[in-house]
Amino acid sequence: VDLMEDDALLRCLREHRALFTGGCRAKVMSIERMAHNEMDFNAEVSEACAVELRTQCRGVDSRQQLSCLERMGEVRAAKLAPTCSRVLQGFKERAAQSVELMGKVSSVCREDYELLCASASALQHPGASIQCLKDSRGQLRSKDCKAAVLGLMAGASRDSRLDAMLQSQCGRDLFECTRAGVLPGEGRLLKCLKEKLSKLQPSCAAQLRKTVHAEAEDVRVNFEVSKACEAELHHYCASVKPEGALGCLELHLGGSDFGAPCATAVRATMRLALQDYRLHPQVKAACEPTLPRVCPTVPPGEGAVLRCLLDGEGSGNLTDKACARAIRQAARSAFVSYTPRHAITDLCDDDIGRLCAAPDAARRAAALRGAPGPLEESSLDLNGDSELVGAELWPCLSHKAHAEPTSFRSSACASLVERLSLDPKVSLEEAEE
């Protein structure tokens, strides 16, 4: 039988590849690799996309025709016929199962893969080899390989169907999302999973945490933020490394020229990272070695570990300077992206509502223009909408903690805010020394 020309047999072999013996599996993988690398060996796509290949990819080398079709699907989806789009999507999803099926990634990551991921075979578990490269992105030696891996992660952030491990571990939960009417693409399915993170199956939650952690670490792999904040990233953070771009955006939240969609996306990423220390890159890296001593019995999730670390920092029990610095910054982020009943900020819920979020709070804030320090030049109502929300709450609380500490009903809240906020005469660098 000529396997390359029998579409039905090829589909059957692909679907049951994991059940075959080693030699047969290797043969099927070899056939798949040929089909993904050159259109002359890809009868399924050639037939389904014949019109598109003839009209849009004419003259393109057969080894580049699949890429040509993929670019069409990303830029001009309406130009692809439904059958072509469906078959092409299937090939993209299969390529996400193995480094071997991704010609460019396989080429630029060969040395890193052999060094770090040789034991992670896609023949053992679809997506394992690519997941290993993602997990090892901080150790990759080749810049081209790291760029290619980040590109894969960005694509999966946009379309979770291109994350084979997530599909494998979260199949049941993803099905529930689609059954509820959530369409694939544009980050929608991933957003659906994030919204019910605490209710997911353990294996799915563990896999999703890897994605959420990466999105908080680098905006290039965060589809929601990179799409919503394109103008803000260019305007405010052009000189900032991608790993620090989310923090840069956070610093500028609330400005009159800061778009609402970007602010929403940034706050959503921050709030998710603050649910669990494992989702917060800076806290996880700086504080994980300290947890067995400071918070040995506190379970992760619901911000409990973050609260414990913050209490330890306040009591002097947390002595690691890097961890203390990271938890203070995380706590400030919790106020900047404020939501009621969060483990870090809940002791301030009443004072926030009374002092800074009441209907006339913005008008009262305007009277603070003559206050000392950074409040001399402008009102706390940064965007002029007559409300103090989000990033505007933190300057309000900070001012009151230094200028009017007796106005707080909760002395614990006043103490926390004063500890986290800056005296108007002290710079951030000096305060964190």
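In the predicted model, the lining of the second largest cavity comprises 2 nonpolar, 3 polar and 1 charged residues. The residues concerned are Arg271, Leu274, Ala334, Ser337, Thr339 and His342, and the space that lies in this cavity amounts to about 30 Å³. The structure as a whole holds 2 cavities of 30 Å³ or more.

Leu274, one of the lining residues of the second largest cavity, is also in contact with His280, as are His213, Ala273 and Ala330, when the neighbours of His280 within four places in sequence are left aside. His280 itself is placed in the loop between α18 (260-273) and α19 (281-287); with a relative accessible area of 9%, under the 20% limit, this histidine is classed as buried.

Helix α25, which spans residues 393-403, is mostly covered, with 8 of its 11 residues buried. The buried set consists of Leu393, Trp394, Cys396, Leu397, Ser398, His399, Lys400 and Ala401, and these residues pack against three helices, namely α22 (321-336), α23 (349-356) and α26 (411-420).

A search of the whole structure finds 12 disulfides, among them the bond formed by Cys109 and Cys145, whose sulfur atoms are 2.1 Å apart. The torsion about this S-S bond is about 105°, and the disulfide of Cys109 and Cys145 is therefore right-handed. The pair links distant parts of the chain, given that Cys109 lies in the loop between α7 (103-108) and α8 (110-116) whereas Cys145 belongs to helix α10 (residues 143-158), 36 residues apart. Cys109 is buried at 0% relative accessibility, and Cys145 is likewise buried, with a relative accessible area of 0%.

Another disulfide joins Cys170 to Cys204, with an S to S distance of 2.0 Å; a torsion of about 105° about the S-S bond makes this link right-handed. Here too distant parts of the chain are linked, Cys170 being located in the loop between α11 (164-169) and α12 (171-179) and Cys204 in helix α14 (residues 202-217), 34 residues apart. Cys170 is buried, at 0% relative accessibility, and a relative accessible area of 0% also places Cys204 among the buried residues.

The disulfide of Cys177 and Cys192, with sulfur atoms 2.0 Å apart, is left-handed, with -90° about the S-S bond. Because Cys177 lies in helix α12 and Cys192 in helix α13 (residues 188-195), the pair ties together parts that are 15 residues apart in sequence. Cys177 has a relative accessible area of 1% and is buried; Cys192, at 13% relative accessibility, also counts as buried, since the cut-off for this class is under 20%.

Technical notes: Residues are numbered from 1 along each chain as its sequence is written. This is a predicted model: local features need pLDDT of at least 70, side-chain atom pairs count only at pLDDT 80 or more; totals for chains, interfaces and linings use all residues. Side-chain values use heavy atoms; hydrogens and water are left out. Helices (H or I, at least four residues) and strands (E, at least two) are DSSP runs, numbered from the N terminus. Buried means under 20% relative accessible area, exposed over 50%, partly exposed in between (1.4 Å probe, protein chains only). Contact means heavy atoms within 4.5 Å. On a 1 Å grid over the protein atoms alone, a cavity is a set of points where a 1.4 Å probe fits but cannot get out, and a pocket is an open set with protein on both sides within 12 Å along at least five of seven lines; lining residues have an atom within 4 Å of a point. Grid points are joined across faces, edges and corners, and a volume is the space filled by probe spheres set on the points. Ala, Val, Leu, Ile, Met, Phe, Trp, Tyr, Cys and Pro count as nonpolar, Asp, Glu, Lys and Arg as charged, and the others, Gly among them, as polar. A disulfide is a pair of cysteine sulfur atoms within 2.5 Å.
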